[in-house]
Amino acid sequence: QVQLVESGGGLVQAGGSLRLSCAAFGHTYSSVAMAWFRQTPGKEREAIAVIRWEGRTPWYADFVKGRFTISRDNRKNTVYLQMNSLKPEDTAVYYCASSRLGLAYTHRQFDYWGQGTQVTVSS
């Protein structure tokens, strides 16, 4: 129904920056909110940031506030995650997700997922 394609992951040194992109295809009318999650071995996927396609202030997890910024380009059906001041503990697989709900923050509230992109931060 909705296909999400992430890009922009890679290897970066601590203190550096990366910008992740998530392009949405298909029946994107069903998408109301978009989010970035991340997952490390032994942990559940955790929400990083959530943004609606229209209006509303984005939501951020406390551990990324001031460092990460979620944004959107509605023309291109694309959501971005600008990551600055990266730390080794940010190393994870980062996933883009779409929800039909206007307010969604948990894993189970998102309907579609990208395949993930690896972000590795070296010390």
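Predicted model: local features only at pLDDT ≥ 70, side-chain atom pairs only at ≥ 80, totals over all residues.
**Entry 1: the hairpin**

I began with strands β7 and β8. Strand β7 covers residues 68–73, and strand β8 covers residues 78–83. I found them paired in the antiparallel sense, over six bridges. Together β7 and β8 make a hairpin, with four residues between them. I then looked across the pair from Asp73. Opposite Asp73 stands Thr78, in β8. In the turn I checked Asn77. Asn77 has a positive phi of about 50°.

**Entry 2: the disulfide**

How many disulfides does a search of the whole structure find? I got one. This disulfide joins Cys22 to Cys96, with S to S at 1.9 Å. The pair links distant parts of the chain, 74 residues apart. I placed Cys22 in strand β3 (residues 18–26) and Cys96 in strand β9 (residues 92–99). The angle about the S-S bond is -75°, and the link is left-handed.

Is Cys22 buried or exposed? I noted a relative accessible area of 0%, so Cys22 is buried, the cut-off being under 20%. Cys96 also counts as buried, at 0% relative accessibility.

**Entry 3: Ala35**

Next I went to strand β4 (residues 33–39), where Ala35 is found. Ala35 has a relative accessible area of 1%, so I call Ala35 buried. Which residues is Ala35 in contact with, leaving aside its neighbours within four places in sequence? I listed Ala49, Val50, Tyr95, Cys96, Ala97 and Phe110.

Last, I checked Ala35 against Thr120, 85 residues apart along the chain. Their C-alpha atoms are separated by 20 Å.

How values were computed. Residues numbered from 1 in each chain as written. Heavy atoms only, no water. Pairing = 2+ DSSP bridges. Helix = DSSP H or I, 4+ residues; strand = E, 2+ residues; numbered from the N terminus. Disulfide = S-S within 2.5 Å. Buried < 20%, exposed > 50% of the residue type's maximum accessible area, 1.4 Å probe, protein only. Contact = heavy atoms within 4.5 Å.
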